[in-house]
Amino acid sequence: MRIRKLFTGTIAAALLTTLAACGAGGEADAGATADPSQPLRVIADVVPHAELIKEAESLGLLGDTEIELTENSGQIDQNQLVNEGDLDANFFQHVPYLDDWNANHTDSDLVPVATVHVEPLGLYSRKVTSLADVPQDATVAIPEDPTNQARALFLLEDAGLLTLDVNREDPDLDYSQVSDANVAENPKNITFVKIDRPQLAASLDDPQVTLSIVNGNYALEAGLVPADDALVLEEAEGNPYANVLVVKETLADDPRVQALADALESPELAQFIIENYQGSVLPVNG
């Protein structure tokens, strides 16, 4: 039987902090050498990540592999849980985010094992209905974490609202070092407020916030349709922010991991994404 749990808010933090504490002390460390006959323990954001895993199961793409799925809609460090061995895999992030996390955690050996989809970052507002209506001295909510902050600033540059002093095409550019300090031209005199990604959709209702840049999965969870509701949306072609399935390097060749990776990268799941998310989630395979 596959077990699914939904963790949110304060309860989630308490439960998963307890798990992480166990990881530092003994039994949970066995997660890195888990028994292949046991279910693969995966944590994933609810939309669309957990939905995609469930669909892979429904389509029979996992064969005999069992998944113990924890659905997360709270502010949990999923990488820490996997790195400590409390869980075996996570599915919520793109490669620049993972690279930045690994760079800041010297004991990490997390690696991507499947590249699945892109969730275009979007600029949203409940105060204005077009880019032309963006007022002087607007306040824009952007992601607090460095890699998504850079991504948001590039989107604002694409929207014509500002100009940055860095070249995103530079192969040596460190996205984690790009911030609002790199804004070279700001004709609207935009002020930035930095917010945790899960709270960005809620900031749309803040009377002090003119526009918010929201990650695709959180936009979907909030009932937004990025393809219809965003004032500007990231392009998918050449987008470096494809979401990946992540495990410890010691588990990369585990047959359960390979089964889930193959399912998530399958043409069948790519077709499901196309048919069910109407451009709000885009497959990178098939």
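**Exercise 1. How many aromatic pairs does the structure hold?**

Solution. Start with the source: this is a predicted model, where local features need pLDDT of at least 70, side-chain atom pairs count only at pLDDT 80 or more, and totals for chains, interfaces and linings use all residues. Residues are numbered from 1 along each chain as its sequence is written, and side-chain values use heavy atoms, with hydrogens and water left out.

Apply the criterion: rings of Phe, Tyr and Trp (its six-membered ring) pair if their centres lie within 6.5 Å; planes under 30 degrees apart are stacked, over 60 edge-to-face, the rest tilted. The structure holds four such pairs. For F92 and Y97, the ring centres lie 5.7 Å apart and the planes meet at 80°, so this pair is edge-to-face. F272 and Y277 are also edge-to-face, at 6.1 Å centre to centre and 85° between planes. Ring pairs also link F154, Y175 and Y241 into a cluster.

**Exercise 2. Are F92 and Y97 buried or exposed?**

Solution. Buried means under 20% relative accessible area, exposed over 50%, partly exposed in between (1.4 Å probe, protein chains only). F92 and Y97 are both buried. F272 and Y277 are buried too.
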